[in-house]
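Thanks for asking me to look through this one with you. Please open the structure alongside this note, and we can go through it point by point.

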Amino acid sequence: GTSSILAGAALAAVYRCTGRSFDTNSLIHDVLYLEQILTTCGGWQDQVGGLFGGVKLARSAAQLPLRVEVEQLSLPQHFQSVLQQHLLLVYTGKTRLARNLLQDVVRSWYARLPSIVQNAEQLVTNAEECAEACREGSLLRLGECMDTYWQQKKLMAPGCEPAAVRSMMNALQPLSLGQSLAGAGGGGFLFLLTREPQQKKPVTEILTNIQGIGSFSVHSVELDMDGISVIQKSSEHPEQQQTT
């Protein structure tokens with residue numbers, strides 16, 4: 001969802017510079033227009049992850065005009081802290097153009113292939129299951145949903161799992177409750193939910209010993225609970241502002 005989040009930040013900055021007011025919901029839908037104009041073919045809900053804070057679930061009813069409804073989930077006490085200790089991001093070192101993968105997905109959907117239609121329905125069901133796992137504060141159930149999501153993504157977009165990424169995920173399986181590639185797949189970031197907290201060092205050691213995967217990096221995770229905001233960069237120069 002990088003392109004969608006970047007588009008949201010750019011639009012928020014433009015609106016502020018031109019003296020226009022906006023809320024996050026309107027920004028979500030403005031990004032949809034911008035990405036179609038740019039032909040980047042972003043997902044309908046990619047920008048929700050970066051523009052809304054906290055853990056959330058985005059839904060779109062089967063109707064036109066399309067509207068993305070966002071539910072910000074209420075987490076059990078301390079679950080945010082626990083989740084951050086068990087989540088890691090791994091940059092796979094593999095770049096890809098999401099548009100190419102997404103075009104194949106859209107073609108399969110237009111063809112109304114039964115396996116794709118069924119898989120799309122199951123993606124929705126799994127997302128609701130994932131939200132319920134977060135509400136319950138269940139790492140085990142959340143991990144199962146993540147693994148299910150990755151299998152669904154591979155069915156939806158064949159080719160989204162490069163051999164190097166497959167090697168990474170197989171090697172990390174003993175340490176993880178669940179894992180998947182973010183975005184369209186094919187490279188970019190791998191996110192995993194570890195069985196034990198604070199596993200950055202063990203994960204790094206495992207990946208270092210895999211032959212032929214190239215460069216990678218492992219990153220800790222901190223959940224953004226605020227979402228997008230336009231803040232003043234310097235009190236000395238109030239005209240300088242930045243979007244986060």
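1. Let me begin with a term: a salt bridge is a side-chain nitrogen of Lys or Arg within 4 Å of a carboxyl oxygen of Asp or Glu. Side chains of opposite charge can pair when their charged atoms come close. With that in hand, look at E161 and K154, whose side chains meet in a salt bridge (3.6 Å, N to O).

2. Before going further, a word on the source: this is a predicted model, where local features need pLDDT of at least 70 and side-chain atom pairs count only at pLDDT 80 or more, while totals for chains, interfaces and linings use all residues. Residues are numbered from 1 along each chain as its sequence is written, and side-chain values use heavy atoms, with hydrogens and water left out.

3. Is E161 buried or exposed? Buried means under 20% relative accessible area, exposed means over 50%, and partly exposed is in between (1.4 Å probe, protein chains only). E161 has a relative accessible area of 15%, so E161 is buried.

4. The structure holds nine salt bridges. Another of these joins R59 and E71, at 2.9 Å from N to O. Helices (H or I, at least four residues) and strands (E, at least two) are DSSP runs, numbered from the N terminus. R59 sits in strand β1 (residues 56-60) and E71 in strand β2 (residues 68-72), so this pair ties together parts that are twelve residues apart in sequence. R59 counts as partly exposed at 33% relative accessibility, and E71 counts as partly exposed at 27%.

5. Now move to helix α6 (residues 114-136), where R135 and E132 are three residues apart and therefore separated by about one helical turn. These two form a salt bridge, with their closest N and O atoms 3.0 Å apart. R135 is partly exposed, at 28% relative accessible area, and E132 is partly exposed as well, at 31%.

6. How does helix α1 sit in the model? It covers residues 2-17 and has 16 residues, reaching 23 Å from its first C-alpha to its last, close to the 22 Å expected at 1.5 Å a residue. The expected span is 1.5 Å times one less than the number of residues in the helix. S4, A7, G8, L11, A12 and Y15 of α1 are buried. Seen down the axis, the buried residues of α1 fall within an arc of 135°, so they line one face of the helix; the arc is that of the directions from the helix axis to the C-beta atoms. T2, L6 and C17, on the other side of α1, are exposed. After α1 comes G19, with a positive phi near 75°.

7. H86 is worth a click too: this residue lies in helix α4 (residues 79-86). H86 counts as buried, at 9% relative accessibility. Which residues does H86 touch? Leaving out residues up to four places away in sequence, H86 touches L139, L192, L193, T194, R195, E196 and P197, where contact means heavy atoms within 4.5 Å.

8. Finally, have a look at W109, found in helix α5 (residues 98-110). W109 counts as partly exposed, at 36% relative accessibility.
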